[in-house]
Amino acid sequence: METKFYEKTGETLFSDVLSNGLTVYYLPKADYNRTYGLFTTNFGSLDTTFIPRGATEFQTFPEGIAHFLEHKLFEKEDGDVMYKFGALGAQTNAFTSFSRTSYLFSTRENSYECTQLLLDFVQKPYFTEENVHKEQGIIQQEIQMYQDDSDFRLFAGLLAKMYPESPLAADIAGTPATINAITSEDLYQNYETFYHPSNMNLFLTGPFDIDKMADFVKNNQENKTFVKIEEIKRQPFQAENPRSFDQLELEVAMPKFALGLRGEDEIPKSSKELLIYKLSNQIFLDLLFGRTSERYEKLYNVGLIDDSFGFSFDLEKQFHFSILTADTENPEKLSQALQEALKSYKIDKDFSVEHLDLLKREMLGDYFSSLNSLEYIANQFASEIYDDLNFFDLPEILEKITLDVIEKYAEKFINEMKLVEFTILPK
Amino acid sequence: MAEYKIADGVRLHVINETKFKTVRVMVRFREKISEKNLGKRVIISNMLETTNAVYTTGGDFSRKLSSLFGATFTTGVSKKGNQHILSINMNFVNPKFVNFDTLGEAISFLKTAFFEPDVVENSFNPTIFKREQTNLIHYLESMNDDRAYYASRKLANLFFEDKEQALPSVGTVELIERETPEAVFDYYQKLLKNNATDIFVLGDVDEKRVVELFSDFEFTDRTTVSDVFYSQVLTENVSVLTEKKETAQSLLQLGYHLGVHYGDADYMALQVMNGLLGGFAHSKLFANVREKASLAYSISSTFDSFSGFFKISAGIDAANFDRAKQLIFDQLLALQKGNFTSHEMEQTKTMLRNTYFVSKDSPSNNIELEFVKALIPERFLSTDSFLSSLTEVSKDDVRRVASHLTLQAEYFMEGEALGN
């Protein structure tokens, strides 16, 4: 087991890769009441076409299968695992993203038993035609619920236009038609391919005894047998050319506007550069559009944006994009203002060393604040694409980011990106 | 925990807690809810958050906070029974991590925000006022885009007899529209003079320093009454409203009269009853309506023990309305008849105990507990009394509380029907 003390935050992180390939992180937090465990597989809604374990050909599965599997893992021959966690006093949940599925518990009591239960239920599937059919009604309601959420529709609508004919264009939960097509055989094939310990990680934080917990996890894993580690062959991510503009009418009070910047530039290979690349792109947006920018103030004062204005940069190995969204009375005018800012960032007064220093200071403070939340820390580890670097390395990486670095990456990004506009108009 | 009196009706509560990396300051102003003042309070909450006489533009305001290592300054409004609460929060990283006096600077920022607002001749700056008023109206209009929120508002209107109790804590478009910068500033001065005020500071802080920093806040003595609990008499009829909407999902919400308030003898029995009915994943509603009948994705019950309001809400398909409603009624009836096992009872108690302790890992929940203690010290449940009274809850207690629940209001947002 590896131990690393992070001086800046005062945290000690233990990590281990077990013989079956499972990566485990332990972050002891003696003065917290709860233990939080997060068990993650690198398998999400994008992974619909791959070579199933034991097969030789690519096969395509219905959209929404990773999320469906997430729901179904909770059900066992002797009932729902949720009740077993409940009996231990713990809460449990799970969620599916584009690239990952995570299962979690949070508890004050019985933290060792809960860890065992988490490992055991995720590592023991039980699917039948009958229980698969029953789940379809519940997921149907979940899909319907999101269909009535206008912010979700804005995000989903923009993604579909940015990445047509790709798994990103589909809802994580699938559609009523695709989930009705899922069979228990499909679930087993997906499970066996993606739920191998070598494709998974476990993150545990809380007031437990580190040695006892590590033994517990190790014994649990050694008592199970797994097939040998094999590389998973996923179909490379592909999308058609974006559609630059589209709109939709819904029952909303004000127009909702989204501007998407689909990244086409090549991303760095080394994990350290990749993290710098990500932070640079985030700060780039913050310099131009954040609350401390003159532009934000101007747009706010003339009423083109309000508190609903927001932006983000998303990075996965297969794709990366920026999104800016706002509820606004004048989507055309706002779009124009945002696009102009992107074109002329080099001569922008906000694109300055002083502004960057201010934002770095803010980011450092935000970083310390985020350490209060065990859930947040765990999620950062679960979504790790930086191999040898992790969330606790962030303060040091942040120091390395200069305006030159930001300009270097912004230039490539802005020159090659493809713009997409998507608006929801009131009916 | 230590408490200091700054003036009559103004108290400073310092909660020393070393486990967090941040310090949280919260100031709460409260008074009895009134239609006359509600809109003003909501606008004030926005005004304080935007600019003041020292930080005169939104940019200055934000840049100052960024320079304090990303300190946040947020305001909010809420209700607790009869009381309307205006909260101002500051959150900042503990000085020891950044080698910078975030504590002193943040509290000084807070002082400016309260006592040096952006004022022109006895009126809030009219340009900024107008803009914030418009933004608030847009915000309130778009809140209705959230279907579940909209349904909750409709149910509250059906349920509450008292017009002011039915008002949302964030106000209404009508209440915001009628305000002027003069009237709101005039009221703001009254608020500063008359509202019961509690200041909470939570974190790894030097208590003496905190007291010193707040000692020159110009708060004056005030007389306050703590008339917190709202209750209304039972009505014979159930108010029913069905609305058709172009939504994919339909929402059913039921409002019940709840005779139990925070700190009552039956309060812990209420907690257990709610946990068994719809508070947890092992509850009757979740297990039977969602898992067994697969009629809903979201289904739960919640209660407000300060206003005597108990709610069940479910997201369903319109075609299943009758079936879902009957099944929900059956679950409550089961509790009223005592049809639940002692195993289910024990599990619920364990979950409640767990939830209680887990909530102490969050700075805001810790402050919330202290607030209840400041509000109703004679009824406040300490950790020991919470745990012991939870243990003592019997099956009979649960049955009794359940049988006092009486349906008063039913709201149904009817969307498209997919059928089965």
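Predicted model: local features only at pLDDT ≥ 70, side-chain atom pairs only at ≥ 80, totals over all residues.
Local features were taken at pLDDT of at least 70 and side-chain atom pairs at pLDDT 80 or more, while totals for chains, interfaces and linings use all residues. Residues are numbered from 1 along each chain as its sequence is written, chains are lettered from A in the order in which they are written, and side-chain values use heavy atoms, without hydrogens and water.

In chain A, an open sheet of 7 strands runs in the order β1-β2-β3-β11-β4-β10-β9, with mixed pairing. Strands (E, at least two residues) and helices (H or I, at least four) are DSSP runs numbered from the N terminus, and two strands pair if DSSP finds at least two bridges between them. β1 (2–6) and β9 (91–96) of chain A each have a single partner strand, so they form the edges and one side of each lacks a neighbour in the sheet. From one strand to the next, the twist averages 15°; axes are lines fitted to C-alpha atoms, for helices over the stretch in contact, and angles run from 0 to 180 degrees between N-to-C directions. β1(A) is antiparallel to β2 (residues 11–17) of chain A over 5 bridges, and F5(A) stands opposite T12(A) in β2(A).

Elsewhere in chain A, strand β16 (residues 418–426) pairs in the parallel sense with β12 (residues 245–250) over 6 bridges, with P426(A) as the bridge partner of L250(A). β16(A) also pairs with β13 (residues 256–262) of chain A, in the antiparallel sense and over 7 bridges; here V420(A) is the bridge partner of G260(A).

In chain B, the axes of helices α11 (residues 267–279) and α14 (residues 342–359) come within 9 Å and cross at roughly 110°. α11(B) is therefore roughly perpendicular to α14(B), a term covering 65 to 115 degrees. Q271(B), V272(B), G275(B) and L276(B) of α11(B) meet residues of α14(B), including E344(B) and L352(B), where contact means heavy atoms within 4.5 Å.

Between the chains, the contact takes 57 residues from chain A and 57 residues from chain B. The buried area, that is, the accessible area (1.4 Å probe) lost on putting two parts together, summed over both, is about 5200 Å², with 50% from carbon and sulfur atoms. The chains share 5 salt bridges (a side-chain nitrogen of Lys or Arg within 4 Å of a carboxyl oxygen of Asp or Glu). K21(B) and E11(A) form a salt bridge at 2.5 Å, N to O.

How values were computed:
Parallel < 35°, antiparallel > 145°, perpendicular 65-115°, else oblique.
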